[in-house]
Amino acid sequence: MDKILQTIVIDWIPDKAKVVDFGCGDGALLRILAEEKSILGYGVENDPVKINGCIKNGVPVIQQDIDECIQHYRDMDFDVAIMASSIQCLRKPRNAMQNILKVANECVITLPNFGNWELRAGLLRGKMPSSVQLPAKWYETKNLHLCTIVDFEELCKEESFNIKKKVYLNNKGASSWLTNTFPNLFAAEAVYLIG
Amino acid sequence: MNVVSKKILFNEPLTLGSGEMLPGFELMTETYGELNQEKSNAVLVCHAFSGNHHAAGIKEENAKPGWWDELIGDGKTIDTEKYFIVSLNNIGGCHGSTGPTSISPKTEQAFGAGFPEVSVSDWVETQKLLADHLEIDCWEMVVGGSLGGMQALQWAISYPDKIKKAAIIAASSKISTQNIALNEVAREIIKKDECFHNGDYLSHGETPSKGLKAARMLGHITYLSESNMSKRFGRKLQDPQTKMDADINYEVENYLQYKGEQFAKTFDANSYILMTKAMDSFDPAKNFDHDLVKCLKSIQAKLLIASFDSDWLFPKEYGLDIQMSAIKAGIDSTYIELNGEYGHDSFLFYSNDYSVALKNFLNSNG
């Protein structure tokens, strides 16, 4: 995870929180959160290589498919649920969104913005767009449900999800006048605190 | 690899969970590697239902290697160059530790069916005495598969500060009704052997080997996966030259006959009954209002819970059930699902993912 993005996420998570990270990768974020915020964190991941990274990192992890398991994480007293760049990989992102707020009081969601001008330009050239956030070729990508910032915020409105905080970042991981004024065009990534 | 086999005598009487008492007992042990000066590199390996203390290495020429030799040894998953591994035969067993074939000091005859009921907790208590004897204050890891995994879990519950990590493999916090049913059929088969004599076959100079063999044949089917059996035997016909019995048609029949017969030569029928009873009764949550979450709350050790996808005897839901309760309890616990082609028995065999996970877990800190 990009350093600036990481700083934002860490800043939003309270000390000693009980945290679940859906799509936790090798557990790097949870490890930092454990060190800096003394959280009790669990990762959910389905890739055996990444899971072994978690075990090596000493991060508790559960090998499961997020689409299938997310509803089982209710009633576990989580304070915060994180879904960092994973929502677009899910088969049922809407279902996951509906569930995630039942899993925890608050959730942190980060997503790549498919409306970003570079991606639009790629498509204009007649090619499947790629960027730092979306590096994979069309035939290799794990992304099933990409969306733009406008799309995502529309879904939040429809589902009455309360966006408590949001930050738009450009492809250098920085927030600027451009990203804040025209996020759907200039932000490469969006970070939300939903509660 | 430095291998030491030793029978250790414990003179103090041991009160079992059932209230019955053993006046003293012996544990047959095997250790691999060297205990470091700080005594901080000790790993306890707990055997499964029909296992024993011989977990690694080859004792004599042409003999079979230990049951977990694929994972224990110099440079292996549980590295004997780094760790001191302790393995033992549990009481009630039949490979050197005090069990039904041992002589009771009271009657000066074999305990036989009179051997007291033992439980997973009782085994953990004897293993704790063994740790004290070896002056090991805290295990770096306690590990086991199946019934061995139950012992690892019980350790984490019974002695929160005496164990840093528990690897609970192909195990469960209590077995299913179906598991109990299968165990009961196996016990019934043994008891119906005409040589069983209500468990006192030793004083009759007989052994119920036919019953033991048939019980093992049934058990063996449950340890393998259907796909593994199909792949290995299919519907291949047995070579008439090597048939164990004239009635045999298929290779799989011959295989089960052979495995059953080999087992019956080395295993004791009363031990079989007693070990399956210990498995049936394992349910640590029952002391905590049947609430597994409550039961796991005091655990300080890190847990690694591993299930195998082809295991239908102890399916992944069992492992996940412990994991979900562990999360509710707020303890450090990881759950992984491994590919294993051998069904329940997959825990016995090396595979890359299995080995990497276990190795990373053992070597992780913090």
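Me: What radius of gyration does chain B have, and what would a compact globule with 366 residues have?

Reply: This is a predicted model, so each value is computed from it. A compact globule with 366 residues would have a radius of gyration near 21 Å. Chain B agrees with that, and its value is 20 Å.

Me: What radius of gyration does chain A have?

Reply: Chain A has 195 residues, and a compact globule with that number would come near 16 Å. Along its principal axes the C-alpha trace spans about 45 × 35 × 30 Å. The value for chain A agrees with the globule rule: 16 Å.

Me: How many helices and strands are there in chain B?

Reply: The C-alpha trace of chain B spans about 60 × 50 × 45 Å along its principal axes. Of its contacts with a separation of 6 or more, 69% are between residues 24 or more positions apart. The count of elements in chain B is 10 helices and 12 strands.

Me: Which element of chain A gives the most residues to the side that touches chain B?

Reply: In the contact between the chains, 15 residues of chain A meet 19 residues of chain B. On the side of chain A, β2 (40-45), α3 (48-57) and β3 (61-63) each give two or more residues. By class, that side has nine nonpolar, four polar and two charged residues. The element that gives the most, with five residues, is α3(A).

Me: Is α3(A) roughly parallel or roughly antiparallel to α10(B)?

Reply: Helix α10 of chain B covers residues 352-363, and its axis is 8 Å from that of α3(A). The two pack at an angle of about 20°. Angles under 35 degrees count as roughly parallel. Therefore α3(A) and α10(B) are roughly parallel.

Me: Which residues of α10(B) does α3(A) meet?

Reply: α3(A) passes α10(B) in a left-handed crossing. From α3(A) come P48(A), N52(A), I55(A) and K56(A). The residues of this contact divide into five nonpolar, two polar and two charged. Those on the side of α10(B) are D353(B), V356(B), A357(B), N360(B) and F361(B).

Me: How do the residues of the contact of α4(B) with α6(B) divide by class?

Reply: α4(B) passes α6(B) in a right-handed crossing. On α4(B), the contact includes L212(B), R216(B) and H220(B). On α6(B), L256(B), G260(B) and F263(B) are among the residues that take part. The contact divides into six nonpolar, three polar and four charged.

Me: Which residues of α2(A) does α1(A) meet?

Reply: Helix α1 (residues 3-12) and helix α2 (residues 28-37) of chain A pack at about 50°, with their axes 11 Å apart. That makes α1(A) oblique to α2(A). Q6(A), V9(A) and I10(A) are the residues that α1(A) brings. They meet L29(A), I32(A), L33(A), E36(A) and K37(A).

Me: Which residues of helix α5 of chain A are buried?

Reply: An α-helix has 3.6 residues a turn, so residues three or four places apart point the same way. The buried residues of α5(A) pack against elements of chain A including β1 (18-22), β4 (78-84) and α7 (149-158). In α5(A), residues 93-103, the buried ones are P93(A), A96(A), M97(A), N99(A), I100(A) and V103(A).

Me: Is S40(B) buried or partly exposed?

Reply: S40(B) is in the loop between β4 (25-32) and β5 (42-46) of chain B. Its count is 15 C-beta neighbours inside 10 Å. A buried residue needs 20 or more, and an exposed one has 12 or fewer. Therefore S40(B) counts as partly exposed.

Conventions:
Residues numbered from 1 in each chain as written. Chains lettered and ligands numbered in written order. Predicted model: local features only at pLDDT ≥ 70, side-chain atom pairs only at ≥ 80, totals over all residues. Left-handed = near helix turned anticlockwise from the far one by under 90°. Helix = DSSP H or I, 4+ residues; strand = E, 2+ residues; numbered from the N terminus. Contact = placed C-beta atoms within 7 Å. Nonpolar A, V, L, I, M, F, W, Y, C, P; charged D, E, K, R; others polar. Rg over C-alpha atoms; globule rule 2.2 N^0.38 Å. Axes fitted to C-alpha atoms, helices over the stretch in contact; angles between N-to-C directions. Parallel < 35°, antiparallel > 145°, perpendicular 65-115°, else oblique.
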